[in-house]
Amino acid sequence: MKVRDLTELAARNLREAVLRNSLTTLGIAVGVASLVALLSLGVGLQQLVNRSVARAGLFDTVSVRRRQNTPFGQPGGGRRTPRDGSDLQPPRALDDAARKEIAALPNVIEVNPEVRFTAEARREPNSQLVLVSGMAPSSQSSGTLDGMTGNFFSGPDAEEAIVQGDMAKRLLEVGKAPTALVGQEITLRFAQRQALPPPSEQAASDAPNQAVGPDEEAMGFSIVPSEKKFRVVGVLPASDSGGGPVGFNNAGLYLPLAVAEKLQVVQGSDLRDVARTSSGVGTRYSALNVRATSPAAVAQIESSIAHLGFAAFSLIDVTRNLRTFFAIFDLFLGIFGSLALAVASLGIINTLVMAILERRREIGVLKALGAANRDVRQLFFAEAGVMGLVGGVFGVLLGWGIGRAIQLGTMVYMKRQGLTSPNIWSVPWWLVLGAIGFAVLVSLVSGIYPASRAARLDPVDALRYE
Amino acid sequence: MKPLRVTLRSMNVSENVASTNGFAVRADRVSRHYKMGEALIRAVDQISLEIRAGEFLALLGASGSGKSTLLNLIAGLDRPSSGAILAQGRDLAAMSSEELASHRGQTIGIVFQSFQLLPRMTLEENVELPLRLAEVPRVERPARVREALDRVGLGARVKHRPTELSGGEQQRAAIARALVNRPMILLADEPTGNLDTKTGEEIMSLIAEIHRPPSGPGRTIIMVTHERGLAERCADRIVTLSDGAISREERLR
């Protein structure tokens with residue numbers, strides 16, 4: 001029999017016992033709905049975590065520091081040995097030459113120095129200690145500033161700042177929204193390095209110290225307080241709602257990277273470098289952030305950097321474990337969701353076996369009119385498949401509705417707690433198609449026994465059946 | 001216990017026996033035995049029968065004489081325990097179940113005592129069913145259905161369901177369904193058994209007309225009945241069965 005005839009006959013048969021078949025189909029729909037609702041929550045949670053991790057630059061960033069030869073190991077738990085366990089270069093200074101060498105590695109997009117320091121942010125009458133970080137121009141398009149009010153820096157040398165929401169709150173009058181800080185000026189007070197003049201000039205000169213380059217710092221430097229005004233151009237969402245950069249680059253206030261570098265703020269590594277006599281010439285960085293073309297390239301870059309003699313650190317292993325966790329989590333959700341579908345499959349078997357008993361004589365007539373066993377089997381398969389398809393489609397819609405309801409409920413609860421609700425629910429197209437396909441597959445498998453039984457009916461017995 | 005299948009080849013019947021030689025059906029020492037508890041029932045026992053193409057054969061006999069079983073064997077609804085049945089030159093015992101289904105759909109048409117129309121389908125849909133099973137193109141079907149129903153005088157009732165028809169009309173619809181695939185052989189199992197005398201005679205007239213239409217080729221008809229009068233009026237030959245064997249054979253025309 002042709003597929004169209006088969007489908008028409010199957011649909012007609014299903015319409016005949018409409019209540020029973022509708023209930024069976026509803027059973028499948030509920031099974032699929034539970035599967036879709038659970039998996040959509042699993043996928044939504046996974047996407048939420050992925051977004052946070054991506055925003056933190058954990059997937060595609062390698063943090064590079066100078067390797068320490070201390071008996072206490074590497075601060076921050078960085079990777080001390082390459083993945084292949086081969087020999088390391090001796091520790092090297094993290095200077096311009098090293099930066100160029102790292103930038104030349106394959107799959108590296110950019111290498112930026114990490115400039116982080118503590119300063120006092122002041123906006124009369126409030127002042128607040130804040131962790132300041134230099135932000136590379138590429139951050140504008142990396143998604144780390146999602147939800148920001150205002151604009152990105154107008155240029156790489158602009159004396160502008162982007163402030164984290166809760167820091168903005170502390171600098172403003174009580175009751176004002178953090179976004180009110182946009183367009184206002186704040187003053188940063190920080191510890192600046194100033195090179196010491198050579199001993200001969202030191203006594204003779206009364207001129208004030210100037211901020212100087214690192215070459216001159218070979219002579220040593222003094223630390224003096226310094227101040228600079230910045231105009232706030234953007235305010236990030238408050239950190240309790242998950243807004244703004246986190247992870248490697250988390251700070252309360254951001255300046256353009258070039259501006260932050262020029263401030264010559266004392267870095268943690270400066271004192272250590274002064275103590276060392278073997279440091280190279282030129283700029284020495286406390287840390288470099290290396291951006292990879294893709295998360296897949298991170299491990300290889302990390303290994304190459306370790307070979308160059310630096311400590312490289314990424315969270316790729318953590319994220320890999322995270323993916324494994326979510327794969328197992330989704331598997332369990334899928335198994336629990338499928339239990340309802342398994343129960344529904346028993347309903348299909350029951351319905352079709354009942355249909356065989358009721359339509360025994362009809363099967364005999366079909367065979368007498370020329371239906372082969374294959375035709376009868378296919379007819380019952382088609383009926384099971386149609387129930388699976390309809391149940392699958394309704395189940396996806398129902399599951400979508402349940403997911404929406406959970407999302408709405410979560411939003412209402414989070415709002416009442418004064419928090420912004422993250423999106424914890426997602427129904428990707430593969431889940432929709434997969435759920436419908438799975439429902440049809442389960443229905444067809446459930447139809448195997450009834451269909452075989454119907455096909456095996458002896459036509460003479462079936463025609464005699466009253 | 002599975003019925004013993006004996007085919008022409010296993011019986012060393014020569015291949016040329018399988019050719020039609022003007023016969024629509026040939027039964028060669030056909031038996032159909034089955035067990036009921038410990039007892040072996042010989043529903044059909046060593047029957048040999050030749051039915052010419054275009055012949056109208058009536059199978060007569062008391063209940064349990066084996067006439068319906070023989071009809072089922074010729075229809076390919078059942079398989080013989082031994083012996084061979086050739087229909088249109090092909091050995092049914094050697095056919096696969098798929099081939100038998102094709103034989104039932106295309107070579108023969110069957111009319112039952114209890115009509116066996118599907119109650120939830122209209123007449124049109126009932127008659128279309130064999131065309132669906134034979135995978136006749138959809139464009140051809142409406143004309144074929146209309147032609148078959150017109151032939152039995154039900155052209156105006158195509159949208160009616162069987163339950164809306166009288167017994168005679170239902171049997172006529174069943175005949176239309178049996179004829180729609182234009183089979184060479186029409187098998188009728190007590191076609192008037194559920195009808196009153198007058199309606200039964202109308203149905204017999206219709207079957208006689210199908211056997212020898214005013215124009216065009218006729219068909220081979222094998223009819224099971226227990227009414228000798230009907231058989232004598234229409235059939236070319238009457239074969240009487242008793243205890244699964246032929247007890248009498250009369251040629252009328």
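Modeller: Let's start with A:Ile448, which sits in helix α12 (residues 429–456) of chain A. Keep in mind that this is a predicted model.

Colleague: Why does A:Ile448 count as partly exposed?
Modeller: A:Ile448 has 15 C-beta neighbours inside 10 Å. Buried takes 20 or more and exposed takes 12 or fewer, so with 15 A:Ile448 counts as partly exposed. By the way, A:Ile448 and A:Gln378 are 70 residues apart in sequence, yet 9.8 Å apart in space, C-alpha to C-alpha.

Colleague: A:Gln378 belongs to which helix contact?
Modeller: A:Gln378 is on the α11(A) side of the contact with α1(A), along with A:Leu379, A:Ala382, A:Glu383, A:Val386 and A:Met387. Facing them from α1(A) are A:Leu6, A:Thr7, A:Leu9, A:Ala10, A:Ala11, A:Asn13 and A:Leu14. By class, that contact has nine nonpolar, three polar and one charged residues.

Colleague: What angle do α1 (residues 3–16) and α11 (residues 373–416) of chain A pack at?
Modeller: About 65°, and their axes are 9 Å apart. That makes α1(A) roughly perpendicular to α11(A), because the label covers angles of 65 to 115 degrees. The crossing of α1(A) past α11(A) is right-handed.

Colleague: What makes α3(B) roughly parallel to α5(B)?
Modeller: The axes of α3(B) and helix α5 (residues 167–179) of chain B cross at roughly 30° and come within 7 Å. Angles under 35 degrees get the label, so α3(B) is roughly parallel to α5(B). This crossing is right-handed.

Colleague: Which residues meet there?
Modeller: From α3(B) you have B:Leu123, B:Asn126, B:Val127, B:Leu129 and B:Pro130, and from α5(B) there are B:Ala173, B:Ala176 and B:Arg177. By class, that's six nonpolar, one polar and one charged.

Colleague: Why is α1(B) called largely enclosed?
Modeller: Nine of the nine residues in α1 (residues 67–75) of chain B are buried, so the helix is largely enclosed by the rest of the structure. Among them are B:Lys67, B:Ser68 and B:Asn72, as well as B:Leu71 and B:Ile74. Just after α1(B), B:Gly76 takes a positive phi of about 80°.

Colleague: Where else in chain B does a positive phi turn up in a residue that is not a glycine?
Modeller: B:Phe115 has one of about 65°, and B:Phe115 lies in the loop between β6 (108–111) and α3 of chain B. B:Glu190 has one of about 50°, in the loop between β7 (185–189) and α6 (197–211) of chain B.

Colleague: How do you know whether B:Phe115 and B:Glu190 are buried or exposed?
Modeller: Count C-beta atoms again. B:Phe115 has 23 neighbours inside 10 Å, so B:Phe115 counts as buried. B:Glu190 has 20, and since 20 or more is the cut-off, B:Glu190 is buried as well.

Colleague: What about B:Ile246, buried or partly exposed?
Modeller: B:Ile246 has 19 other C-beta atoms within 10 Å. Buried needs 20 or more, so B:Ile246 is partly exposed. B:Ile246 is found in strand β10 (residues 245–251) of chain B. Beyond its neighbours within four places in sequence, B:Ile246 is in contact with B:Ile47, B:Leu49, B:Val239 and B:Leu241.

Colleague: Which residues have the most contacts inside the largest nonpolar core?
Modeller: That core has 125 residues, and those with the most contacts inside it are A:Val32, B:Leu59, B:Ile74, B:Ile85, B:Ala176, B:Leu187 and B:Ile222. Its largest share, 11 residues, comes from helix α2 (residues 18–55) of chain A. A second, separate core of 32 residues includes A:Val130, A:Ile162, A:Ala168 and A:Leu255.

Colleague: How many residues of chain B are in contact with chain A?
Modeller: 20 residues of chain B, against 18 of chain A. α2(B) gives the most to chain B's side, with seven residues. By class, that side has eight nonpolar, six polar and six charged residues.

Colleague: One last thing: what makes the bond from A:Glu124 to A:Pro125 stand out?
Modeller: The peptide bond there is cis, with omega near 5°. A:Pro125 is in the loop between β3 (116–123) and β4 (126–135) of chain A.

Terms used. Residues numbered from 1 in each chain as written. Chains lettered and ligands numbered in written order. Predicted model: local features only at pLDDT ≥ 70, side-chain atom pairs only at ≥ 80, totals over all residues. Contact = placed C-beta atoms within 7 Å. Helix = DSSP H or I, 4+ residues; strand = E, 2+ residues; numbered from the N terminus. Nonpolar A, V, L, I, M, F, W, Y, C, P; charged D, E, K, R; others polar. Axes fitted to C-alpha atoms, helices over the stretch in contact; angles between N-to-C directions. Parallel < 35°, antiparallel > 145°, perpendicular 65-115°, else oblique. Left-handed = near helix turned anticlockwise from the far one by under 90°. Core = buried A, V, L, I, M, F, W, Y, C linked by C-beta atoms within 7 Å.
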